[in-house]
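Visitor: Hi, I'm new to this one. Can you put it up and walk me through it?
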Amino acid sequence: MKLRPSRPRRGVLVFAAAVVSACATRAPAPQPAAAPAAAAAARPASWETHELLDAVLWAQTAAEHDALCRQAFVLAAERVEQALRDPRWTALPSQTGDYGSLPPAVVFDADETIIDNTGFEAEMIKENKGFDGELLREWEMAGRATALPGALEFVRFLKEKGVEPIVITNRDAPRKPAVVKNLLDLGFPVRADGSTVLLRGERKEWPDKESRRVFVSRSFRVLLLLGDDLGDFLPGVDTTVDGRRELAESHRDYWGSRWILLPNAMYGSWERALYPRDVKGDRERLRAKYDKLRGFRK
Ligand SMILES: [Mg+2]
């Protein structure tokens, strides 16, 4: 998953009333009975239809979201202890050979894995717009992401255990100073020189996360992978819904053991699997999504 300007558009809103009625399979959001006039005037006309509304509110307000994050990091810490006792333990299916003598590391994604970017997602809703690369650039350069619940404690625990925390993120390479500063400002014990924060495109041989995982595996025994997207664990995830399920299922022994997943219902490769790559416009993309719904009456 990534928050990148070049990714396919997602989270676009603004489907017109005609589309709603044509596709109407979900109840409209409740109308506020007595909203203050000023707030109502400021609210976009289609505010109740934004695709991201519930997912972003859940991440920003639900105690369940925060508990899921903490639950993931508690489990991850237990697995680290277990992995440190077993020199044959590795989280990378591709890691073979004499890796047991390598220093230990844990590899994790940044966005929606250890830091919270819902401020950017919420801004898209408040401004009633779809994915906006310039808005994302502004967000990332401002370094305003916050730590997810339990993330700081976990990464500090790694340092105490002598385990190297390594970030693999698909943020674009030119924004590296901003993301490293954001992480350091939050108190994450990553190396200040940024050598353990690996961005996409930082080297020409790093087009994807798998290539960076392989790079890390040459110097470290990788105890765990943590992420919010299938791509944080496996290559080839931009495929069909069924293909993604098969990929995940074919590695079922890794989940909860060597691979720990964080919750993100806002965006990711799961969402891109819902419509064709060559989809033309927001309306066609949204129709493709509706076609994926499974009801029970028809
Ligand atoms: Mg992520």
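Visitor: Let's start with a helix pair. Which residues in α3 meet which residues in α5?
Guide: This is a predicted model, to be clear. From α3, Leu53, Val56, Ala59 and Gln60 take part. From α5, the partners are Thr118, Glu121, Ala122 and Ile125.

Visitor: How many of the residues in that contact are nonpolar, polar or charged?
Guide: Five are nonpolar, two are polar and one is charged.

Visitor: What angle do α3 and α5 pack at, and how far apart are the axes?
Guide: The angle is about 145°. The axes lie 10 Å apart. Here α3 covers residues 53-61 and α5 covers residues 118-126.

Visitor: Is that crossing left-handed or right-handed?
Guide: The crossing of α3 and α5 is left-handed.

Visitor: Stay on α3. Which of its residues are buried?
Guide: Ala55, Val56 and Ala59 are the buried residues of α3. They sit on the same side of α3, because they cover an arc of only 95° around the axis.

Visitor: What covers them?
Guide: The cover includes α5 and also α4, which is residues 63-84.

Visitor: Now zoom out. How many helices and strands are in the protein chain?
Guide: The protein chain has 12 helices and seven strands.

Visitor: And what share of the residues is buried?
Guide: Buried residues make up 36% of the 298 in the chain.

Visitor: One last thing. Take contacts between residues at least 6 apart in sequence. What share joins residues at least 24 apart?
Guide: In the protein chain, that share is 80%.

How values were computed
Residues are numbered from 1 along each chain as its sequence is written. This is a predicted model: local features need pLDDT of at least 70, side-chain atom pairs count only at pLDDT 80 or more; totals for chains, interfaces and linings use all residues. Axes are lines fitted to C-alpha atoms, for helices over the stretch in contact, and angles run from 0 to 180 degrees between N-to-C directions. Helices (H or I, at least four residues) and strands (E, at least two) are DSSP runs, numbered from the N terminus. A crossing is left-handed if the near helix is turned anticlockwise from the far one by less than a right angle, and right-handed if clockwise. Two residues are in contact if their C-beta atoms, placed from the backbone, lie within 7 Å. Ala, Val, Leu, Ile, Met, Phe, Trp, Tyr, Cys and Pro count as nonpolar, Asp, Glu, Lys and Arg as charged, and the others, Gly among them, as polar. A residue is buried if 20 or more other C-beta atoms lie within 10 Å of its own, exposed if 12 or fewer, and partly exposed in between; C-beta atoms are placed from the backbone. The arc is that of the directions from the helix axis to the C-beta atoms.
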